[in-house]
Amino acid sequence: MTSCKPTKTEHQRKPDWLKIKLNTNEDYKGLKKLMRENNLHTVCEEARCPNIHECWGSRRTATFMILGAVCTRACRFCAVKTGLPNELDLAEPERVADSVVIMNLKHVVVTAVARDDLKDGGSEIFAETIRAIRRKNPFTTIEVLPSDMGGIEQNIQNIMDAKPDILNHNIETVRRLTPRVRARAKYDRSLELLRRAKEMQPTIPTKSSLMLGLGETHEEILEVMDDLRANNVDIMTIGQYLQPTKKHLPVQKYYSPAEFGELRKIAMSKGFSHCEAGPLVRSSYHADEQVNAAAKQRQLQGEELLASQNS
């Protein structure tokens, strides 16, 4: 693989391929106004996603962040606020569902801050949000992106019983770097969550995301791919880590678009039904396309199974 010279700090000049074209049009402004009026949070804003102008301004998609805007964890890559969360807002699921209707979304992603202060990890609010969206807009496909919720099986069951269209949980980084990068999270616990989710609802695609540039090796990247496939993960996204502030971990390497393209080919060869890879790719990037690809893959598998049974 070709490589870009490592950089000591994120505040040095970024490669040209990381330059973002801003698109602050009326759709972007209208969506931002809607979020504020309904007291809703998005990971697009809180995590300073580089694609916010494309998604809000062009694709008119967004990722809702439920359970408040304060996280109980302090991961060294994430810009979301850390501290003591507020009390649960039991009306939040209905407000999210109402906003999905107003925006006429075909696909919605629902994520959340980690809520280690809650016994259920926030899973009941996740489940009620799924049910509320289903009631008010039954044709919208739903992707959920929870934390590991302490690895408690009932918490995973609560979400899977509500039957999202995709269950997404991010591995984030390679095994060796997990203790340094992810606060309280464990590499194997994330794999276990993904495995259990698939066992509970075998027809629901599972998905995970890996960010690069924190000092991982090529062999470690391939190990993550193999570990995800060994736990029946269907979809993978791979993107470039960008240091949000000076207090966060510095970027060790900028990967080129060609390198991401090569990693996508490797991922697909390992059996993922879909892989999105690129410098600006984030877990929810083009999520609508991923759910469609997963649906086509399930249809193809069903047709193959039927053909084998009839032969």
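Reply: Start with the record: UniProt annotations may be inferred rather than shown by experiment. The model itself is predicted.

Me: Which residues does UniProt place under the feature "binding site"?

Reply: The UniProt entry, which is unreviewed, gives "binding site" at C71, C75 and C78.

Me: Where is C71, and what does C71 touch?

Reply: C71 belongs to strand β3, which covers residues 70–71. Leaving out residues up to four places away in sequence, C71 contacts V80, K81, T82, G83, V113 and A114.

Me: Is C71 buried or exposed?

Reply: A residue counts as buried under 20% relative accessible area. C71 has 12%, so C71 is buried.

Me: Where does C75 lie, and is C75 buried or exposed?

Reply: C75 is in the loop between β3 and β4. Its relative accessibility is 19%, and therefore C75 counts as buried. With residues up to four places away in sequence again left out, C75 touches V181, R182, A183 and H248.

Me: How are two packed helices described?

Reply: Two values are used: the angle between the axes and the distance between them. Here, helix α8 (residues 187–200) packs with helix α9 (residues 218–230) at about 35 degrees, and their axes are 10 Å apart.

Me: Which residues of α8 and α9 meet?

Reply: From α8 come Y187, L191 and L194; from α9 come E223, V224, D227 and L228. Sorted by class, this contact has 5 nonpolar and 2 charged residues, with no polar ones.

Notes
Residues are numbered from 1 along each chain as its sequence is written. This is a predicted model: local features need pLDDT of at least 70, side-chain atom pairs count only at pLDDT 80 or more; totals for chains, interfaces and linings use all residues. Side-chain values use heavy atoms; hydrogens and water are left out. Axes are lines fitted to C-alpha atoms, for helices over the stretch in contact, and angles run from 0 to 180 degrees between N-to-C directions. Helices (H or I, at least four residues) and strands (E, at least two) are DSSP runs, numbered from the N terminus. Contact means heavy atoms within 4.5 Å. Ala, Val, Leu, Ile, Met, Phe, Trp, Tyr, Cys and Pro count as nonpolar, Asp, Glu, Lys and Arg as charged, and the others, Gly among them, as polar. Buried means under 20% relative accessible area, exposed over 50%, partly exposed in between (1.4 Å probe, protein chains only).
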